[in-house]
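Trainee: Before we begin, could we go through the terms used for this structure one by one, and set each value against its cut-off?
Mentor: Gladly; let us look at the structure and start with a pair of helices.

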Amino acid sequence: MSKRKQVQGSLYSYFGGKQSSDDKEINTTSETPAPNKKTRKFQESWKDKYKWLRFDGKENKMLCGFCREFLNSKNMQYSLKIGTNNFQTDSIKAHEASEGHAMSSEAKRASERPMEERSIPAALTRLEETFKKMKFLFNTAYYLVHLKLPFSIFPQLCSLQRKNGLTLGNTYMNDHACKEFCKHISHTFKADLQDSLRAAKFISIMADGATDVSCLEEEIVYVRFVPGGAPKTMYVGLEEVESSKAPGILKAIKSVMDTIDPQWMQKLISTGTDGASVMMGRKGGVVSLIKQDAPQVIGIHCVAHNLELAFSDTLKSNETMMSIRDLLNGCWKH
């Protein structure tokens, strides 16, 4: 041992200091034994006890295979990582107890596990977390649309949910993302409707004219069918009409229905419309045009529209009610 190390050892003994296993490991340098001491040799039996231990016969040095293969910030200067001919079990034990060797050993064990065992659980965990986050965001977007609220308040709703303890991440917190969520929700509802209508044996459609905020005339279409023995009415779509005449209205209805079920005309058994001549006319009405392709269809005059017509005729005979109606219509228009 050099004079410097003798002094260092004396100082440790004097002040009662103790060296950590890492300090011992780093201080165990490669040095040639003194001539007056017995030359130590590497024992092959050490390999059986310490699986990480390797011996380089050409260099006459022992080293740690794990630390050589898996480097880290702790084991860069370890003597057994570099290689040493200080063949003592104390050096081996000190290295095995060091923090750097423990990190390399853990890395070695992880590398020996099958790739599926290492990657799949972590990937599944990340997937579950992402699925939860997206589920919360989609529910928030659906709630917003269901209440007919603007997309611009979506970030504020997300902030509120964060305060309530939900984990939403840091992405998709804007009105553009909300719009995309609503599109996907709409596609899902449409796909479910397609599956239901294609499985139905018979259907009925209800159509009526409507005007949007830009004063464009459109046709709104509903479908009624009987899944599982219980009648069900579903909204199908809203389509702008090329003209307010029967061919234009029928084209809009076909445009909506063809996207849901191309075979809808063969399943159609009845139509429900208002009593306008463009819809119920015997020669050129929408129902008459449909019967040209589907003779089995029965045209039904909507009961609610019949009631409205009867009530309107009653109002016409009462001047007071007519005045009230005109007043209400004037208020609504302005």
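Trainee: Why are α11 and α14 called oblique to each other?
Mentor: This is a predicted model, and in it the axes of α11 (residues 246–258) and α14 (residues 286–293) cross at roughly 60°. Angles under 35 degrees count as roughly parallel, over 145 as roughly antiparallel and 65 to 115 as roughly perpendicular, so the remaining angles are oblique, and α11 and α14 are therefore described as oblique. Their axes come within 9 Å, and the crossing of α11 past α14 is right-handed.

Trainee: Which residues meet where α11 and α14 come together, and what makes up that contact by class?
Mentor: From α11 there are Ala246, Pro247, Ile249, Leu250, Ile253 and Lys254, and they meet Val286, Leu289, Ile290 and Asp293 of α14. By class, the contact holds eight nonpolar residues, two charged residues and no polar ones.

Trainee: Why is Val286 called buried?
Mentor: Val286, which lies in helix α14, has a relative accessible area of 1%, and because buried means under 20%, Val286 counts as buried. Leaving aside neighbours within four places in sequence, Val286 is in contact with Ala246, Ile249, Leu250, Ile253, Val278 and Met279.

Trainee: Which residues touch the most other members of the largest nonpolar core?
Mentor: They are Ile203 and Ile253, in a core of 26 residues. At least two residues of this core come from each of α10 (175–199), β3 (203–211), β4 (217–225), α11, α12 (264–267) and α14, and α11 gives the most, with six residues. Beyond neighbours within four places in sequence, Ile253 is in contact with Ile205, Ala207, Glu219, Val221, Trp264 and Val286. There is also a second, separate core of 13 residues, which includes Leu144, Met173, Phe181 and Cys182.

Trainee: What makes Lys41 exposed?
Mentor: The relative accessibility of Lys41 is 63%, and since exposed means over 50%, Lys41 counts as exposed. Lys41 is found in the loop between α2 (21–27) and α3 (45–49). Apart from neighbours within four places in sequence, Lys41 is in contact with Trp46 and Phe87; the C-alpha atoms of Lys41 and Phe87 are separated by 6.1 Å, although these residues are 46 residues apart along the chain.

Trainee: Why is Asn60 called partly exposed, and why is Lys148 called exposed?
Mentor: Asn60 has 38% relative accessibility, and because partly exposed covers values between the 20% limit for buried and the 50% limit for exposed, Asn60 counts as partly exposed. Lys148, with a relative accessible area of 75%, is over 50%, and Lys148 is therefore exposed.

Trainee: Where do Asn60 and Lys148 lie, and what is the phi of Asn60 and of Lys148?
Mentor: Asn60 sits in the loop between β1 (53–56) and β2 (61–64), whereas Lys148 sits in the loop between α8 (115–146) and α9 (154–163). Asn60 is not a glycine, yet its phi is positive at about 55°; Lys148, also not a glycine, has a positive phi of about 60°.

Trainee: How many helices and strands are there in the protein, and what share of its residues is buried?
Mentor: The secondary structure comes to 16 helices and seven strands, and buried residues make up 30% of the 334 residues.

Note on methods: Residues are numbered from 1 along each chain as its sequence is written. This is a predicted model: local features need pLDDT of at least 70, side-chain atom pairs count only at pLDDT 80 or more; totals for chains, interfaces and linings use all residues. Side-chain values use heavy atoms; hydrogens and water are left out. Axes are lines fitted to C-alpha atoms, for helices over the stretch in contact, and angles run from 0 to 180 degrees between N-to-C directions. Helices (H or I, at least four residues) and strands (E, at least two) are DSSP runs, numbered from the N terminus. A crossing is left-handed if the near helix is turned anticlockwise from the far one by less than a right angle, and right-handed if clockwise. Contact means heavy atoms within 4.5 Å. Ala, Val, Leu, Ile, Met, Phe, Trp, Tyr, Cys and Pro count as nonpolar, Asp, Glu, Lys and Arg as charged, and the others, Gly among them, as polar. A nonpolar core is a set of buried Ala, Val, Leu, Ile, Met, Phe, Trp, Tyr and Cys residues joined through side-chain atoms within 4.5 Å. Buried means under 20% relative accessible area, exposed over 50%, partly exposed in between (1.4 Å probe, protein chains only).
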